[in-house]
Amino acid sequence: LSSEDIDTKGQCNLFFALAKAYQDFGELASAFGYLKEGNKIGKKLLSYEICQDEVIFKSLKAAAKNLYKCAVRDEMDSYKVKPIFILGMPRSGTTLVEQIISSHSKIYGGGELEFLNIHGSDLALGKIKASNSNLKEIREIYLNNVSLMASNFSHITDKMPHNFQYIGLILSTFPEAKIIHVTRDPMATCWSNFKCHFTNRSLGFSYDLLDLVKFYKLYEELM
């Protein structure tokens, strides 16, 4: 840490490593101190502010009503594979739930699929005005992709936790889909996020305990 050759990202990695080491030694006060330092640098590296997510949640709520008005009402039987969305806060147990469900012979474990985020986020956020035709287009893109992945199965799981932000879109686009909302004790969930060294920009809230509490409340209110 004292070396001049270590850049800011390297310092962040070392703080998280030291936190893990001291936790293993049972020196929890030192572990927490290093964890705070690592998270502080991580937040700075991402230039994250909680107001960024507050704007996103506000947009999701505003766009949801129009999504419902344009919803795909009729179930289209041309697709044999039906999606099961497993969602919730990161570190809530979505991976374990998927492992249990996908042990069934007719269910394919798809993991964290990006299709909905890539093709549907602008609709969910109201950046593109929803219509029945563009919802059907999202449906076709998504189901075509998952059908290729799970051609010999009747169902596929999509366990991208952040899909909880897209429940309005899911309900409006996949009337046959199942949604499993995984919950865990809020304190355990937030602490588990704070301990993990995420590098994904969408998880910037995890680098600060106050941000975590605010984000959890945003999530809870949206659900």
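Which pattern does the protein chain follow when read along the sequence? In this predicted model, the order of elements is α-α-α-β-α-β-α-α-β-α-β-α-α. The chain has 223 residues, and 44% of them count as buried. The accessible surface comes to about 12200 Å², with 54% of that area belonging to carbon and sulfur atoms.

Strand S1, residues 82–87, runs parallel to strand S3, residues 155–158, and four bridges join the two. Within this pairing, Pro-83 stands opposite Ile-156 of S3, and Lys-82 has His-155 of S3 as its bridge partner. S1 is also joined by four bridges to strand S4, residues 178–181, again in a parallel arrangement. Here Ile-86 stands opposite Ile-180 of S4. Strand S2, residues 107–109, runs parallel to S3 and is connected to S3 by three bridges. In that pairing, the bridge partner of Ile-107 is His-155 of S3. His-155 is therefore a bridge partner of Lys-82 under the DSSP bridge assignment, and a bridge partner of Ile-107 as well. S1, which is paired with S3 and with S4, is mostly covered, with five of its six residues buried.

Most residues other than glycine have a negative phi. Ser-47, which is not a glycine, has a positive phi of about 50°. Ser-47 is found in the loop between helix H2 (28–46) and H3. The relative accessible area of Ser-47 is 55%, so the residue is classed as exposed. Arg-91 likewise has a positive phi, near 70°, and is a residue other than glycine. The position of Arg-91 is in the loop between S1 and H4. With a relative accessible area of 42%, Arg-91 is partly exposed.

Arg-91 is also one of the contacts of Ser-192. Ser-192 lies in helix H8, residues 186–195. Leaving out residues up to four places away in sequence, Ser-192 touches Arg-91 and Arg-184. Ser-192 counts as buried because its relative accessible area is 8%, which falls under the 20% cut-off.

Leu-113 is found in the loop between S2 and H5. Apart from neighbours within four places in sequence, Leu-113 is in contact with Tyr-142, Val-146, Met-149, Ile-156, Thr-157, Asp-158 and Met-160. One of these residues, Ile-156, is the S3 residue that stands opposite Pro-83. The C-alpha atom of Leu-113 is separated by 14 Å from that of Gly-88, a residue 25 places away along the chain.

The largest pocket contains about 650 Å³ of space. Its lining is made up of 28 residues, and those nearest the centre are Met-160, His-162, Asn-200, Ser-202 and Leu-203. The elements that give two or more residues to this lining are helix H3 (50–69), helix H4 (94–101) and helix H5 (115–124). Of the contributions to the lining, that of H3 is the most, at four residues. By class, the lining has ten nonpolar, twelve polar and six charged residues.

Terms used: Residues are numbered from 1 along each chain as its sequence is written. This is a predicted model: local features need pLDDT of at least 70, side-chain atom pairs count only at pLDDT 80 or more; totals for chains, interfaces and linings use all residues. Side-chain values use heavy atoms; hydrogens and water are left out. On a 1 Å grid over the protein atoms alone, a cavity is a set of points where a 1.4 Å probe fits but cannot get out, and a pocket is an open set with protein on both sides within 12 Å along at least five of seven lines; lining residues have an atom within 4 Å of a point. Grid points are joined across faces, edges and corners, and a volume is the space filled by probe spheres set on the points. Ala, Val, Leu, Ile, Met, Phe, Trp, Tyr, Cys and Pro count as nonpolar, Asp, Glu, Lys and Arg as charged, and the others, Gly among them, as polar. Buried means under 20% relative accessible area, exposed over 50%, partly exposed in between (1.4 Å probe, protein chains only). Accessible areas come from the Shrake-Rupley method with a 1.4 Å probe; for residues, only the protein chains shown count as cover. Contact means heavy atoms within 4.5 Å.
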